[in-house]
Structure formats: structure tokens, C-alpha cells
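Student: I would like to learn how to read aromatic rings in a model. Can we go through one together?

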Amino acid sequence: MKKDIGAFLRRVGSMSFARMGGNIDAIHQETGVSKSFIRLDMLHCALRYGMGYLDYRVFGFAENRDPANRRTYMTMNHNTCLSRKLNDRAAIAEFIDKGKFNQKFRDFIGRDFLILPPENGASALKAFCRGKEAVFAKVTTSFGGQGLEKIQLDAVSDYEALYDRLLSEKKTLVEDALLQNEAMASLCPQSVNTLRMVTVFYGGQAHYVYGLVRMGNGKNAVDNISAGGLYALLNDDGTLSPKAFCDKKSAYYEAHPASGVRFGSFSVPYFAQAKALCLRAAAMEPKVGYVGWDVAITKDGPVLIEGNHLPGYDMCQNHGLNGSRTGILPKFEAIVGTGFFG
């Protein structure tokens with residue numbers, strides 16, 4: 001009980017009460033449930049389940065009040081516990097740094113890359129870019145698509161200047177541009193639309209737990225949720241949930257707002273191969289046992305983009321997408337045991 005109260009007090013201390021109030025107003029508008037009930041129930045859920053007010057809204061708890069159902073939801077505390085127990089601190093360095101990740105999982109990424117600064121400076125960069133239409137430059141420790149730049153090479157005449165600029169902006173990983181599968185491109189042609197596939201390596205075996213598909217909004221070249229992208233749940237047969245969600249607009253869509261592709265009738269190509277790829281990658285580094293793999297589907301099949309040692313837990317439990325009133329915690333407990341989380 002002391003542990004629960006301590007976690008509750010830390011959560012209260014980190015709350016933005018203005019944002020909490022905004023969420024209460026939004027939930028009231030969406031559900032008609034009284035604000036006073038929502039406020040008290042949010043605090044109850046923070047103490048009882050270790051749940052924040054943002055999760056309360058995403059999980060639909062204003063209307064999903066059955067304690068048995070609520071206990072099936074994975075929270076931030078569960079997520080942190082999994083990462084802390086299964087992911088070795090030293091080993092996750094190769095996941096945090098995108099350059100180190102590419103080096104370790106070279107056989108899984110399906111593209112050539114160059115880490116700056118190379119031995120021959122700008123001349124090596126020019127040689128790497130020769131014959132290519134475009135490359136991507138990345139800050140190796142960034143996340144959420146921050147620092148990502150697509151460079152159209154027909155506009156580059158001075159590789160010395162490009163090289164100096166990339167170094168000054170800490171964009172020290174340069175990669176081939178991926179040619180994604182036509183079906184995946186149809187979701188949103190402006191971005192590479194990726195799968196997030198979560199695995200757990202436990203008891204000497206790699207397990208696939210769940211997946212999402214993320215796509216751009218038609219305005220940006222990235223599919224990241226923080227950049228206004230959408231996400232849909234990935235069913236066990238490779239089809240998508242009937243709706244996708246956009247965090248930035250707090251809105252659900254049955255069809256992509258830019259491309260018009262309907263989500264419920266979409267099947268991800270090479271889905272079985274993508275799962276198998278992630279399971280092989282998970283078995284390659286058992287010291288990092290809880291990973292969210294970002295996967296692109298190219299014309300020839302799936303490739304890894306990167307691995308995340310602290311995957312999100314909220315998107316896969318979005319009440320407007322999964323069509324149920326239960327969370328994903330039982331899937332993890334089936335792998336690690338009910339006593340794993342303490």
C-alpha cells in the first residue's frame with residue numbers, strides 16, 4: 001500500500017491540472033458523464049491502477065467502470081516495470097543510438113547507410129550519394145521524427161557544404177531512401193507508413209504481443225504521432241481496425257483524411273514475414289527483452305527502421321479502436337506470469 005500511495009503522490013505532483021481540466025471537459029462533452037464524477041474517478045484510478053488522466057480518456061474509463069475490466073489495462077507502471085526488468089541498461093545503448101542500431105542489425109534493415117564523419121569526409125558522403133535520388137539524414141539520438149531530413153540529391157551541388165551542415169546539425173546518420181510497398185504507400189503517399197510491432201523475449205523465447213500501423217497525415221513526410229500522424233490497430237491476421245486515431249486532433253477516422261483509403265478493408269502486405277523478422281531480431285539481442293520494432297514494408301518485404309526499448313502502451317488500448325472493454329495486460333501476463341508486475 002505504501003508503494004501505491006508513493007506512486008500516486010508522484011503522479012499527482014507531476015500533473016498539469018490545466019490539462020487535466022481540459023481532458024475532463026472533453027470527456028464530459030464526449031460521454032455526457034458529469035465532470036464531478038470524472039474528476040473523482042480519475043483520482044481513484046490514479047491511486048487504484050496507477051493510471052494518468054490522459055490514459056483515463058484514451059481507455060474510455062468514464063463509461064468502462066467494471067473493476068474486472070479496468071484491471072486488464074496496462075498502465076505506465078506496468079510498461080516501466082517490463083522495461084526495467086527485461087532491458088539491460090548497457091545493452092539498450094544500441095537501441096537509443098540509431099547508428100549503433102543500424103550496425104548491430106545490419107542484416108535486418110535492408111538499406112545502406114553512412115555514419116558521419118567517415119574517413120574521407122565530404123568525398124565519402126558524395127560517393128555514398130552517387131546514383132541516388134534522395135537520402136535521409138538523422139540525428140542518431142532523436143525520437144518522434146525530430147531532426148529527420150529528406151535530401152533530394154539533384155539539388156545538391158556542393159557536398160563540402162552539405163557535409164559541414166549535417167555535422168553542425170548533428171545529423172550524423174545518412175541512409176538510403178526506402179521504396180515502400182505500393183499498398184502501404186496508398187495509405188498516405190507523402191510518408192513511409194510503418195508498423196510498430198512489440199515483442200517480449202522471456203524464458204528463452206521471443207513472443208509477438210501486438211502491432212499498430214502508423215501513417216502520415218498527408219502534410220508531413222513522417223508518420224510519427226507527435227507530428228500529427230494517425231494510427232490504427234493491427235489485427236492478428238494483418239488487417240486494420242475499422243478506425244484510425246489522430247492524437248493531435250483527438251479524432252477518429254474510418255478513412256484516411258488525405259488518401260481516402262478505408263482502414264477496415266486494408267490488409268498489410270508481408271504481415272507474416274514482418275512478424276517473423278521482429279521475432280528473429282528479438283532473439284538476436286535477448287538482453288533487451290521488451291522492444292517495439294518499427295518496420296517498413298518495401299516492395300521486396302519488411303525491413304527494420306529502429307527498435308524502441310520503452311514502447312508505448314496506450315495506443316494499443318485505445319477504446320475507440322479495439323472494439324472491446326478490455327486491455328492488453330493479460331497478453332503480457334500470459335508470457336511473463338501474473339506475478340511479474342508485483
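Tutor: Start with charges over rings. This model is predicted. Lys-85 lies over the face of Phe-340, 4.7 Å from the ring centre.

Student: Which ring does the charged end of Lys-132 sit over?

Tutor: That of Phe-128. The distance to the ring centre is 4.4 Å.

Student: Now ring against ring. What describes a pair of aromatic rings?

Tutor: Two values: the distance of the centres and the angle of the planes.

Student: How many aromatic pairs does a search of the whole structure find?

Tutor: The search gives 18. Take Phe-101 and Phe-105: their centres are 4.7 Å apart and their planes make 35 degrees, so this pair is tilted. Stacked would need planes under 30 degrees apart, edge-to-face over 60.

Student: Are Phe-101 and Phe-105 buried or exposed?

Tutor: Both are buried.

Student: What kind of aromatic pair do Tyr-231 and Phe-245 form?

Tutor: Edge-to-face. The planes are at 70 degrees, with 5.9 Å from centre to centre.

Student: Where do the two residues of that pair, Tyr-231 and Phe-245, lie in the chain?

Tutor: Tyr-231 is in strand 7, residues 230-234, and Phe-245 is in strand 8, residues 244-246. The pair links distant parts of the chain, 14 residues apart.

Student: Why is Tyr-231 called buried?

Tutor: Look at the relative accessible area. For Tyr-231 it is 1%, and buried means under 20%. Phe-245 is buried too, at 7%.

Student: Which residues form one aromatic cluster?

Tutor: Tyr-49, Tyr-56, Phe-59, Phe-61 and Tyr-73.

Definitions and conventions
Residues are numbered from 1 along each chain as its sequence is written. This is a predicted model: local features need pLDDT of at least 70, side-chain atom pairs count only at pLDDT 80 or more; totals for chains, interfaces and linings use all residues. Side-chain values use heavy atoms; hydrogens and water are left out. Rings of Phe, Tyr and Trp (its six-membered ring) pair if their centres lie within 6.5 Å; planes under 30 degrees apart count as stacked, over 60 as edge-to-face and the rest as tilted. Buried means under 20% relative accessible area, exposed over 50%, partly exposed in between (1.4 Å probe, protein chains only). Helices (H or I, at least four residues) and strands (E, at least two) are DSSP runs, numbered from the N terminus. A charge sits over a ring if NZ of Lys or CZ of Arg is within 6 Å of the ring centre and within 35 degrees of the ring normal.
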